[in-house]
Amino acid sequence: MANYAWILLSALLVFVMQAGFLCLESGRVRSKNSINVAAKNISDFAVSSTLFWLFGFGIMFGDSHWGLFGGSSFAFGADKSAYEISFFLFQMMFCGTATTLVAGAVAERMGFSGYLCLAVVTSALIYPIAGHWAWAGLGDSSSQGWLEQLGFIDFAGSTIVHSVGGWVALAAIIILGPRKGRFDSGADLPPGSNLPVAALGVILIWLGWFGFNGGSALAFSERVPLIILNTSLAAAWGAIAATLLSYIRLSYFEVRQVLNGIIAGLVGITASCHLVSPGQAALIGIVAGAIGFFGSYWLIALKIDDAIDVVPTHLFAGIWGTLAVPLFVSQEDLANGLTSLEQLGTQLLGIVAIGTYSFLVSFSLILLLKRFVRLRVSEHDEDIGLNVSEHRASTELIDLLSSMKIQQSSRDYSKSVPEEPFTEVGQIAKQYNQVIRRVGDEMAAKDTAIASFQSSESRKTAILNSAMDSIISIDTDGTIIEFNPASERTFGCTKNQTCGSNFIDSFVLPKDRKRVHSDLALGFSESPGLLLGQRNQINLQRSSGHRFPAELTITVARVNNIKFNEFTLHIRDITKAKKLQDKLRFLAYSDPVTSLYNRTYLMEKLSFALSQAKKNQATLALLFLDLDRFKKINDTLGHKAGDELLREVANRLTSVTRDTDIIARWGGDEFVILLSGQINESVACRKANDVLVVMRQPININDSMVNIPTSIGVALSVDGRPDADRLIQQADMAMYAAKEHGRDNFQLFSQEMASNAEKFFSYERDLRQSISTSQLYLQYQPKVQGSREKLIGIEALIRWEHPEKGNISPADFIPMAEDSNLIIAIGEKVISEALAQLANWRAENRELLRMAINISGKHLLSDELIPFLKKELQRHGIPGSYLEIEITEGVLIKDIEKTIEVFSQLKELDIKIAVDDFGTGYSSLNYLKRLPIDILKIDRSFVEDCATKTEDRQICSAIISLAKNLGIVTIAEGVETEEQKNVLLDLGCDIFQGYLFHRPQPAQKVSALLRKHEAFSTESI
């Protein structure tokens, strides 16, 4: 019994490997294909198991025909012994392992139906034949395969399982070709969508391999512990070898190669784990890890696209493991009558024979399948991902109406709404933007008309002579016709001196005369150049030759229906205005504290740089910096110290940037650096790292050494896209991502950040709309008292049933409500509906129990809670004694004085006060002493393990003892087992709440509970 029990247990461990391969392969591919890969893993195991049961086992272990294939034991039956069934299950798992290897290699480009056909080929025609050649005697020692008869050794399948799967994978990826863009110049496909899940998969594979190798002993003998030890050592040393090689080659530790090293080590030791020593196993693992590492790069050099490195880790490492048998195992231990050289030849023969058969048969059948089945998906399907193309996974569109609403509320129509290409919403957005631009053009034309109207056609009026501006009339050749007194003062010559002379030749600078003559010939009507009705900027010269800046407005007078007859030039000397403008510009563009540029200047320069980048097809980088502890410096050392810190930050940023870079203070403790020139992602990241290095140096402020961690967001603009505001937004998103990654680091913007922001915005909008609808509704969870389990109270719990996304967890939408200030409206909805429900129960003559309601800290400390509670209690006619307000522990330390004031007002209304999640925050005795708290709720994290972990039991005991000494009631939340209840009862806990007693449920079910417990009277807590 022990033998077949061990084989059965080993089969189950090998089955765990299937879960490991699923996690590894779905985690190593891009997220848009992960569902497809997982589905293939599950499906190919089902296919291989079915076929192996029907005839695969019979071909592999049935009565041998010439040592080539078996011919009995088809459709393996229930009449077999326990040992035979265990042996069958163990071998069925091996078949599933060989088959599932192919899924990872062909991932992201092979269709689901084509892959299932390939799984049939592997499990029905290739694996059983190769297995019969080397392992037929495992089922019946009298019926051996031809390789087995020659003395071929492959203990647990380095070649039979892993090389066979690798040969089929190699044939498939050669025929399918590489993924789209895999070997394009500069292309670098992501290493995986979820490497932690992939790593978990490798751990599961490692665990399953103990059964893979240990079970191959076919008995729980003294060899099993050594087999498992050798398996672990080879995997560990394979990982170390691959890790060191990746660091030597890349200067960092590549996770992909670490995982490959473990797999290669496991494959390499599989053929000889029962005969080698631990030291030899480690050496085999090291060589296998190196083979897997160099093999993956060799395939890349050959432009063979193996999505998760199946070929190097299973095929190449499997070949090495098979050859390691004669290299490390003595012939005395093999005891098959062969010399070491003969054994090496036999091993080579087995590798070549099985490899030739596996590769040629699979290659031929795949080519044949290609004629009838679509093996590779289309380029479009590959672009959108196999999750969508083959399994119809859903996607989201940008919300156009929200963008329009923002424009309407801000009354700023200068920015276009986002246009999602190739969608109906995108077409609407495009048309809407065209309308907005047309309105803007019309408004600009209106301004031009007003300016033209203000140009007087009369040259001989008092207005002309008294005008402060120079007004000069010229004909179509530029000859001066009129010259008002202001012109005489401006140009330093009289009307008599100038009339009849050419204005352009007299007062326009020599370098501009040709251009202005051309503008005149065109009637000042074409851009670029001087234009009619516009305020044109131009440098002119006085009669003395002195230059001055001028503002020139040109109007046209039409006489006798001639298109161009005369032009009137309105000229204003703006020398003083220019100087004042330059001074104001300097003041307007400078930050007074740091002397850096300010936000206005940055936005102008950024817009200009983007237009140049668009023209020159260049790349820009924007670094958005935030000082993580600046507010604390201001609060502790004062604003003067804060200003000194900002100036030091400005100096440090200047020291690590180029003269061509623009540094601006965005506001508060935020800075922006604009990088232009020869910029790419690598340069931008290096610059961000340089900034982090210089910012990590302590700063001496008021004789105190202060460290200021800095979070940096990096965004790139390629060919002038996106626009300035969007680029700033992307850098800002990346900066917040850096904060979420622990601060004092930089993050490069990715579209995933924008998607998360849009998702948050969409959820916030939906949540705002749902407050007044039935989407937000209450469920009620009863509380019970002591061992009698008598109903003692009810807690009202808010739930959200989204019309499209279904149930959304409060853990997701409550923090969102906190951030968007919707939490007060939600809290008022809960209070109102909970009191209304109490009123309904009273109308039904139900005995009322105290209703607990969770209130956020923001709502508690607002000026709205107490008046609303009073109004609702009065409206529903419910005494305050039937209401219990729950607040989380962290709220109490925010504003203790305000909290005391609010709690006192609650107690005046006879409302009970409970502290939720007690023990997870600061757990200060100070606030327990100062605040009128009635109830402590022990957090579920302590309740969960109180029956199994001494530490959690002691924490629960301490909380209960503390509460009893202070005269406070204790409630244990999250009680789910009898063991938890009994422990807490022994510790003296008063009230219980959890799934063991009652789940959250609708009001009508609670009504039934109230009827059931009417025999009990309401007791005061």
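Modeller: A pocket here is an open set of grid points with protein on both sides within 12 Å along at least five of seven lines. The model is predicted.

Colleague: How much space lies in the second largest pocket?

Modeller: The second largest pocket holds about 1,000 Å³ of space.

Colleague: Which residues lie nearest its centre?

Modeller: Glu795, Leu797, Pro810, Asn854 and Asp916 lie nearest the centre, out of a lining of 40 residues. Two or more lining residues come from each of strand 16 (790-802), helix 30 (810-819), helix 31 (823-843), helix 32 (857-860), strand 19 (883-888) and strand 20 (912-918).

Colleague: How many of the lining residues are nonpolar, polar and charged?

Modeller: The lining has 15 nonpolar, 12 polar and 13 charged residues.

Colleague: Turning to the sheet of 5 strands, what is its order?

Modeller: The order is 9-10-8-13-14, in an open sheet with mixed pairing. Strand 9 (662-667) and strand 14 (746-748) are at the edges with a single partner strand each, so one side of each has no neighbour in the sheet. From one strand to the next, the twist averages 20°.

Colleague: How do strand 9 and strand 10 run, parallel or antiparallel?

Modeller: Strand 9 and strand 10 (residues 670-675) run antiparallel and are joined by 5 bridges. Within this pair, Ile663 has Ile673 of strand 10 as its bridge partner.

Colleague: Which strands does helix 28 touch?

Modeller: Helix 28 (residues 724-740) packs on the sheet and touches strand 8, strand 9, strand 10, strand 13 and strand 14. The direction of helix 28 makes about 145° with that of strand 13.

Conventions:
Residues are numbered from 1 along each chain as its sequence is written. This is a predicted model: local features need pLDDT of at least 70, side-chain atom pairs count only at pLDDT 80 or more; totals for chains, interfaces and linings use all residues. Side-chain values use heavy atoms; hydrogens and water are left out. On a 1 Å grid over the protein atoms alone, a cavity is a set of points where a 1.4 Å probe fits but cannot get out, and a pocket is an open set with protein on both sides within 12 Å along at least five of seven lines; lining residues have an atom within 4 Å of a point. Grid points are joined across faces, edges and corners, and a volume is the space filled by probe spheres set on the points. Helices (H or I, at least four residues) and strands (E, at least two) are DSSP runs, numbered from the N terminus. Ala, Val, Leu, Ile, Met, Phe, Trp, Tyr, Cys and Pro count as nonpolar, Asp, Glu, Lys and Arg as charged, and the others, Gly among them, as polar. Two strands pair if DSSP finds at least two bridges between them. Axes are lines fitted to C-alpha atoms, for helices over the stretch in contact, and angles run from 0 to 180 degrees between N-to-C directions. Contact means heavy atoms within 4.5 Å.
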